[in-house]
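Q: I'm new to this one. Can you walk me through it?

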Amino acid sequence: MSEVAAHSGAREAPLPAWSLPKDAVDRIALPDDWPDRVTREWAFGGSTGAGVRVCILDSGVDGDHPSVGGLESAVAIELDERDEAVVEPDEEGDVSGHGTACAGIVRALAPDCRISSVRVLGAKFTGSGGVLLAGLRYAIEQGFDVINMSLSTTKKPFAVVLHELADSAYFRRTVLVASAHNMPVESYPWRFSSVISVGSHEETDPLAFYYNPSPPVEFFGRGVNVEVPWSDGRTLTVSGNSFATPHLSGICALILAQHPELTPFQLKSVLYLTATNVGGGK
Amino acid sequence: MVGSEDSFRALLEAIVEVARSIFGARASSILLLDEETEELVFEAVVGEGEDRLLGTRFPAGTGIAGWVLATRTPLVIEDVQNDPRFARDVAEGTGYVPKGLMAAPLLHDEGALGVLSVLDRPEQTLFSLQEMELLGLFANQAAIAVDLLLKARKAEALLGDEQDDLGVVAKLASAVDALEGERRAAGVRLLDELATTLGARGT
């Protein structure tokens, strides 16, 4: 992988942003170790997600739940008296159980990944588009490899800023995995093409995922009758796209542990090539 | 003009009755958000608790219904008894704690007006995506009915308040309505002109 990293150009002096001088062509040479046929074995065979940093942007995470197995960090986004978002260490944990469920799904798939929590909902589920935006901005600044966002907003005024944030994550090699809404309504950020948007399928295999040739939902993950950890050390059976999303986040962590050089575009390509209905079913 | 509160409430009751029947559930309800008190109020209930729950309230920031309202996303949970905190909203006042619950937000424009809940589908049937879609369809229908109900309440409150400045509108409407023949037509023309002058026409 070290040779690949050197080829990726990520650790060298930056290339000019908008053009490619002749003498720089070698520096963007792609690693030649992509096989003729990308298989799941190549993509994430034997991977445990080791070292990959996954952020759960949600209701907080109960790090003590045995199915979560500890957190690397936990912060809460709150509004101060001037209605400006501030980042505080999270003393509250999970205010609903939803974030713990997402973290547990990721942990089950990628046991050695590093999970952090950014809480964007308050004790009475209070939250606002402003807090959601601030939380996402913070998570992108932390340089997480994967941000799981099983939340969306229906407020159109926030869409423009969310779009900018989603694009900025994309260019900074942070993969934003976002839940599609379960009802036919417009919400964001899952509708943006710079994110990996996820809906549900009904199968029980956590590694089964499908590419959707009719976007905006691009992938379907396991999202029905999923047993998950919840707050207070409990376990529940839940359904919804909220729970399909961390399945894809976990699979992204597995792939990135194996191939840390991948850009979000390349990662999405690997997901496509290894989807159950494309090449992963064999 | 606006419809009556009774007819819209009957529509809500019909929706929860059909939802309960289609899903073979033990109970179904529609909760409405009272924005002033930040509470959820049972507006329509069928099945378990229907004789006690109607009109009762609980804080909007609690329970599964509260979560669904805040995140504007449906949620389906089995084994709710595992989590007494989340079952509290439906258990309070009834002593009935459901095992399973599906809830969807009543979405209108960019906001959520309330929550549609369906409690305890038959145990032998696993939840499926088809049911999620059906739940969403019922929730959309309920959202339209709730929107009409809220508009009717607002209009009635506005026109019925004698002390309110705009109570005069109701008086005018009643006065013109009581007229007959040419005098009535003249009264309608007068109101029409008034509306045009105030810029309330042609928009």
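Q: What share of the contacts in chain A is between residues 24 or more positions apart?
A: 70%, counting contacts with a separation of 6 or more. Two residues are in contact if their C-beta atoms, placed from the backbone, lie within 7 Å.

Q: Anything to know about the model and the labels?
A: The model is predicted: local features need pLDDT of at least 70, side-chain atom pairs count only at pLDDT 80 or more, and totals for chains, interfaces and linings use all residues. Residues are numbered from 1 along each chain as its sequence is written, with chains lettered from A and ligands numbered from 1 in the order in which they are written.

Q: How much of chain A is buried?
A: 51% of its 282 residues. Buried takes 20 or more other C-beta atoms within 10 Å of the residue's own, with C-beta atoms placed from the backbone.

Q: New topic. How many helices and strands in chain A?
A: Seven helices and 11 strands. These are DSSP runs, numbered from the N terminus: helices are H or I with at least four residues, strands E with at least two.

Q: And where does chain A meet chain B?
A: 28 residues of chain A contact 25 of chain B. Strand β11 of chain A, residues 235–239, gives the largest share of chain A's side, five residues.

Q: What does β11(A) join in chain B?
A: Strand β4, residues 75–78, through three bridges. The two run antiparallel. Strands pair if DSSP finds at least two bridges between them.

Q: Which residue stands opposite T237(A)?
A: E78(B), in β4(B).

Terms used: A residue is buried if 20 or more other C-beta atoms lie within 10 Å of its own, exposed if 12 or fewer, and partly exposed in between; C-beta atoms are placed from the backbone.
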